[in-house]
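Here is a friendly walk through a protein model, in questions and answers.

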Amino acid sequence: MTGNSHNSSLLDILGRYKPAPWRGRYSLSRLFFNFYLLVMGSFVVIAFFADFVISAAVKGITDDYTSRFMQGTIVLIEDELFRKPRSEWPNTIKALDNKFSYRLEIVDRWSLKLSKKQAEKLDAGELAIDSDRDILYHRLKLTPKILVVGPLSPDANPDRPRALPLELRIHLLTWSLISLILAIAVWLWVRPVWRDLETLRQTARALGEGHFETRAPNARNQAFDLLTETLNGMAERIQRLIATQKELSSAISHELRTPIARMRFALEMLSEADDCTDRQRLMQMMDVDLDELDSLIDSSLTYARFEREQPELQLSSVELLPWIEDEVDSMRILGGAIQIAVDNSGLPVGQRVELDQKSMPYAVTNLLRNAIKYAKSKIVISAEVVGDRICLHVDDDGIGIPPEERKRVFYAFTRLDRSRDRATGGYGLGLAIVRLVLEQHGGSATVEESPLGGARFTLSWPLLQSVTQS
């Protein structure tokens with residue numbers, strides 16, 4: 001009842017769960033306008049701020065330049081006025097005004113409202129400048145009359161109005177060109193980004209729908225190279241994990257049936273057995289089955305850990321020959337009457353290699369276990385240096401492995417037809433663990449015919465893999 005209610009509640013939860021619907025694709029126009037407005041707005045703010053700072057910085061320079069530039073003209077106008085009686089000044093200034101492109105007029109001093117600084121300059125006989133209105137003021141010697149010159153800019157002259165001032169037209173043209181060029185630049189940058197984003201979105205969606213074979217193509221924009229590589233690496237890892245899980249689940253469920261069936265049979269026989277000898281024999285059978293289950297679980301967990309986690313190697317430099325002898329000595333007890341020898345003739349004296357002392361023993365001991373299962377009377381372990389790699393050989397005088405089966409034996413739950421007997425065949429995980437360990441070391445595991453007549457398993461990996469030096 002408890003199991004059924006638990007399954008029912010689980011089904012209810014799964015039945016109620018509905019994944020959120022996928023949202024639409026990325027909008028190229030929205031991405032373009034958002035980015036364009038951001039860039040253009042930032043550019044305008046920076047431009048206006050820079051213009052304000054520059055204008056404030058050069059204001060004094062500009063006023064000084066205008067004062068020196070107009071000084072001669074104003075002196076000539078003043079001399080012309082003082083050649084005539086003051087009563088004729090209005091007519092004279094009117095006649096002069098017609099000859100200049102800017103306005104000329106004479107006003108009383110009291111009618112002007114200037115800043116304190118400009119008023120002091122005006123009273124001292126210097127030119128006073130109204131920068132905002134582009135007008136110059138000059139006191140006519142010691143009289144209370146002021147000569148007003150300007151506005152100097154043609155666009156500010158009310159007597160010569162224009163549809164659009166020149167400065168405004170220049171600004172409009174300049175900002176139009178800047179906006180167009182910036183829009184083209186933003187489009188050329190945003191479009192590849194949008195394509196990469198859309199490609200990554202489609203890839204992520206396919207992965208979310210369970211299509212773990214999907215991979216994102218190479219990014220057009222370098223900014224997405226690392227993200228694309230990370231996404232593809234994640235997809236590869238998930239695909240491998242799921243494949244491993246399915247493989248382990250299927251294989252383990254199959255492998256568990258035989259010992260469980262034998263244990264169930266032994267339990268049934270045990271309840272009916274009256275003889276003490278029969279009961280002892282059945283108890284021993286169940287003990288063997290429990291050991292078999294324990295071995296299967298241990299091997300499966302070890303294989304799954306290497307396949308799933310791929311732990312970072314902790315490489316250290318070791319002298320190879322003593323390390324091999326230690327590993328062989330730890331396995332001699334399993335060999336029984338089988339002769340296990342270490343051949344160091346092909347190995348330079350004191351040769352050191354880099355390896356992970358936690359994972360590499362898995363590979364060597366699994367090869368020795370395999371050799372012990374199939375050897376008739378002799379096993380030889382040897383090593384040699386080939387180029388920049390170390391090659392470790394494990395030879396036996398057993399039945400060997402056919403050429404067509406030599407690659408397949410390194411994959412999980414692979415057993416040759418003649419190895420299906422539990423006494424020799426195992427579960428097909430030992431050599432798979434060997435392959436994973438060597439792949440982590442940047443090496444490989446291979447098998448070929450042995451000089452002893454059986455199989456020769458070879459582990460090959462680089463002598464140096466890190467910055468450690470012997």
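A residue is called exposed when its relative accessible area is over 50%, and buried when that area is under 20%. Keep in mind that this is a predicted model.

Q: Which residues are exposed on the other side of H4?
A: Start with the buried set: Gln118, Ala119 and Leu122 of helix H4 (residues 116-123). Their directions, seen down the helix axis, fall within an arc of 100°, so these buried residues line one face. On the other side of H4, the exposed residues are Lys116 and Lys117.

Q: Which strands do the buried residues of H4 pack against?
A: The buried residues in H4 are Gln118, Ala119 and Leu122. Their packing partners are strands S2 (128-130), S3 (135-139) and S4 (145-149).

Q: How many residues apart in sequence are the parts that Phe43 and Trp175 tie together?
A: A search of the whole structure gives three aromatic pairs. In the pair Phe43 and Trp175, the ring centres are 5.8 Å apart and the planes stand at 75°, so the pair is edge-to-face. Phe43 belongs to helix H2 (residues 28-82) and Trp175 to helix H5 (residues 166-208), so the parts tied together are separated in sequence by 132 residues.

Q: Is Trp89 buried or partly exposed?
A: The rings of Trp89 and Phe82 form an edge-to-face pair, because their centres are 5.1 Å apart and their planes are at 75°. Phe82 has a relative accessible area of 31%, which makes Phe82 partly exposed. For Trp89 the value is 4%, and that makes Trp89 buried.

Q: Which residue has its charged end over the ring of Phe82?
A: The ring of Phe82 also pairs edge-to-face with that of Trp89. The charged end over the Phe82 ring sits 4.5 Å from the ring centre, and it belongs to Lys141.

Q: Which strands stand at the edges of the open sheet?
A: Five strands make up this open sheet, with mixed pairing and the order S6-S8-S9-S11-S10. A strand at the edge has a single partner, so one of its sides is left without a neighbour in the sheet; the strands in that position are S6 (339-343) and S10 (444-449).

Q: What angle does the direction of H9 make with that of S11?
A: S11 (residues 455-462) pairs with S9 (residues 389-396) in the antiparallel sense over seven bridges, and Leu392 stands opposite Leu459 in S11. Helix H9 (residues 360-374) packs on the sheet and touches S6, S8, S9 and S11. The angle between the directions of H9 and S11 is about 170°.

Key: Residues numbered from 1 in each chain as written. Predicted model: local features only at pLDDT ≥ 70, side-chain atom pairs only at ≥ 80, totals over all residues. Heavy atoms only, no water. Buried < 20%, exposed > 50% of the residue type's maximum accessible area, 1.4 Å probe, protein only. Helix = DSSP H or I, 4+ residues; strand = E, 2+ residues; numbered from the N terminus. Arc of directions from axis to C-beta. Contact = heavy atoms within 4.5 Å. Phe/Tyr/Trp six-rings, centres within 6.5 Å; stacked < 30°, edge-to-face > 60°. Lys NZ or Arg CZ within 6 Å of the ring centre and 35° of its normal. Pairing = 2+ DSSP bridges. Axes fitted to C-alpha atoms, helices over the stretch in contact; angles between N-to-C directions.
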